[in-house]
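I opened the notebook to go through the packing of this chain. The entries follow the order in which I looked things up.

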Amino acid sequence: MVINKSKSAFKTIAEVAEELGVATHVLRFWETKFTQIKPMKATGGRRYYRPDDVEVLKLIQNLLYQKRYTIEGAQQLIKEKGLKSLLGDEEIQKDFFEKSSREDTPEPVVTEKKAASVDVSEIKQAIEELKVLRKKLSEIK
């Protein structure tokens, strides 16, 4: 299912997986192996990838699948050359490198403005489920 979004829009893990042609568990695995991948996480743990995160994932996919690097080899190449030289300046926002190089930077929080791309029907469904649970709890007391 292809959804036309702005290039600057945040993408879900499913959207990124479809774009790259890999399974979602592969993206989660890469996240554990490459510290450069830091998607924003909503309260429920749902991942939202910035356009810069997607570019990094494309680079990693290229290194692993096309250039046939091992995970360790790709990690070493990124460490030696740096993301900036491998991706090019124009592909990434300037603040991306500053944020990703700081280890003490707290995890970003999804704000209301950024969460606007979330499927509202999922939120409504969760609210209805919570109402049902609240009613069941009140009946127990």
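This is a predicted model: local features need pLDDT of at least 70, side-chain atom pairs count only at pLDDT 80 or more; totals for chains, interfaces and linings use all residues.

**Entry 1, core.** I looked up the largest nonpolar core and found 24 residues in it. Those with the most contacts inside this core are Leu27, Trp30, Phe34, Ile37, Tyr49, Leu57 and Ile60. I then checked which helices contribute: H1 (13–20), H2, H3, H4 (71–81) and H5 (83–87) each supply at least two residues of this core. Which helix gives the most to the core? It is H3, with seven residues.

**Entry 2, Leu27.** I took Leu27 from that list and looked up what it touches. Leaving out residues up to four places away in sequence, Leu27 touches Ile13, Val16, Ala17, Leu20, Val22, Tyr49 and Leu57.

Two packed helices are described by the angle between their axes and the distance between the axes. For H1 and H2 I read an angle of about 100 degrees, with the axes 8 Å apart. Angles of 65 to 115 degrees count as roughly perpendicular, and H1 and H2 are therefore roughly perpendicular to each other. On the H1 side, the contact is made by Ile13, Ala14, Val16, Ala17 and Leu20; on the H2 side, by Thr24, Leu27 and Arg28. Sorted by class, the contact has six nonpolar residues, one polar and one charged.

I searched for aromatic pairs and found one in the structure. Trp30 and Tyr65 form this pair, with 5.9 Å centre to centre and 70 degrees between the planes. The pair is classed as edge-to-face, because planes over 60 degrees apart count as such. The two residues are 35 apart and link distant parts of the chain, with Trp30 in H2 (residues 24–33) and Tyr65 in H3 (residues 51–66). Tyr65 is partly exposed, with a relative accessible area of 38%.

Pro39 is buried, at 2% relative accessible area. I also read the separation of the C-alpha atoms of Pro39 and Phe10, which is 9.5 Å, for residues 29 apart along the chain.

Technical notes
Residues are numbered from 1 along each chain as its sequence is written. Side-chain values use heavy atoms; hydrogens and water are left out. Rings of Phe, Tyr and Trp (its six-membered ring) pair if their centres lie within 6.5 Å; planes under 30 degrees apart count as stacked, over 60 as edge-to-face and the rest as tilted. Helices (H or I, at least four residues) and strands (E, at least two) are DSSP runs, numbered from the N terminus. Buried means under 20% relative accessible area, exposed over 50%, partly exposed in between (1.4 Å probe, protein chains only). A nonpolar core is a set of buried Ala, Val, Leu, Ile, Met, Phe, Trp, Tyr and Cys residues joined through side-chain atoms within 4.5 Å. Contact means heavy atoms within 4.5 Å. Axes are lines fitted to C-alpha atoms, for helices over the stretch in contact, and angles run from 0 to 180 degrees between N-to-C directions. Angles under 35 degrees count as roughly parallel, over 145 as roughly antiparallel, 65 to 115 as roughly perpendicular and the rest as oblique. Ala, Val, Leu, Ile, Met, Phe, Trp, Tyr, Cys and Pro count as nonpolar, Asp, Glu, Lys and Arg as charged, and the others, Gly among them, as polar.
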